[in-house]
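Open the model in your viewer and keep the selection tool ready. The tour moves from one selection to the next.

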Amino acid sequence: MTNLIVVGPAGSGKSTLTKALGGWLEREGYAVSYLNLDPGAESLPYRPSYDVRGLVTVERLMREEGLGPNGALIRAAEITEANLPRILKKIEARERRSDFTIIDTPGQMEIFLFRGLGPKLSTSLRGRTISVSLIDPGLLRGKIDLVVLKLLGLVVELRLGIPSIEVLNKSDLYDRKTLLEFEESIRAGGYRAEGVSGELANQLYGVVEGLEKRRRVVMVSAKKGTGMEDLYKAMGEAFCACGDLT
Ligand SMILES: Nc1nc2c(ncn2[C@@H]2O[C@H](COP(=O)(O)OP(=O)(O)OP(=O)(O)O)[C@@H](O)[C@H]2O)c(=O)[nH]1
Ligand SMILES: [Mg+2]
């Protein structure tokens, strides 16, 4: 049994990918559970077998505790963390029948990663757990952004303490040439930035490169459902290419 924690910046496509990947796995014959941990979600494109909104919602906290949206999200994460043992019990009861559990996380990834909830969850789940770290190409306006997003991928891995796959989503928005350029610049080698922060960016990219030689970036379109087979393969590779994921 494998748990997949889908993490990424706001609007990067976490919920859409949860549905697309889950649908693909189901069509391959696997039993899939969906877990929503976003207390701020208005609607979801999949039917969760556990939904944190049954415990807490951002909207209710804002109304009842007079909090702003971010304060309510932090409070919601604290409430979720405090209830984690109970939530895990519920998940485990369902997981017994599942090959995969896909976990959709809150839009504000820093609340999930930098506070207790994310790390506690990733180390408490039974079975094998991996994170799927989304890159939104809309955030890549210059080469320095690439360094920032690659470092973010490392932060996900460091904070959650589990293997992580980097996924460039929304590939349908770009033509093949642009995608190949992304791939080229994401791959090791050839990165050079200029300007005031150029030297720092080059040094950091060198660090990222050195650490990431073993990894590749998977390109998908969660919206069109493309790239799911490649993502599945990358999951196997992240677990030391030991073949069958279940
Ligand atoms: N073109 C395109 N749009 C996408 C893709 N994946 C997601 N989107 C769109 O991006 C927007 C955000 O998608 P979500 O799946 O809600 O993203 P999210 O990361 O769950 O968002 P939050 O939970 O609010 O942070 C929606 O309008 C999606 O339709 C994709 O592969 N291609
Ligand atoms: Mg979402």
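Select Lys-170. With 21 C-beta neighbours inside 10 Å, Lys-170 counts as buried. The term has cut-offs: buried means 20 or more other C-beta atoms within 10 Å of the residue's own, exposed means 12 or fewer, and partly exposed lies in between, with C-beta atoms placed from the backbone. Now check the backbone. Lys-170 is not a glycine, yet its phi is positive, about 65°. Its place is the loop between β6 (164-168) and α8 (176-186). Helices (H or I, at least four residues) and strands (E, at least two) are DSSP runs, numbered from the N terminus.

A word on the source. This is a predicted model, where local features need pLDDT of at least 70 and side-chain atom pairs count only at pLDDT 80 or more, while totals for chains, interfaces and linings use all residues. Residues are numbered from 1 along each chain as its sequence is written, and chains are lettered from A and ligands numbered from 1 in the order in which they are written.

Next, select β6. How many of its residues are buried? Five of five are, so the strand is mostly covered. Colour the two faces separately. Ser-164, Glu-166 and Leu-168 are buried on one side, Ile-165 and Val-167 on the other.

Two strands pair if DSSP finds at least two bridges between them. Strand β5 (residues 128-135) pairs with β6 in the parallel sense, over five bridges. Pick Val-132: its bridge partner in β6 is Ile-165. Strand β7 (residues 217-219) also runs parallel to β6, joined by three bridges. Here Glu-166 stands opposite Val-217.

Move to helix α6 (residues 117-124). Select Leu-117, Gly-118, Leu-121 and Ser-122, which are buried. They lie on the same side of α6 because they cover an arc of only 120° around the axis, taken from the directions from the helix axis to the C-beta atoms.

Finally, zoom out. The chain has ten helices and seven strands. Of its 246 residues, 39% are buried.
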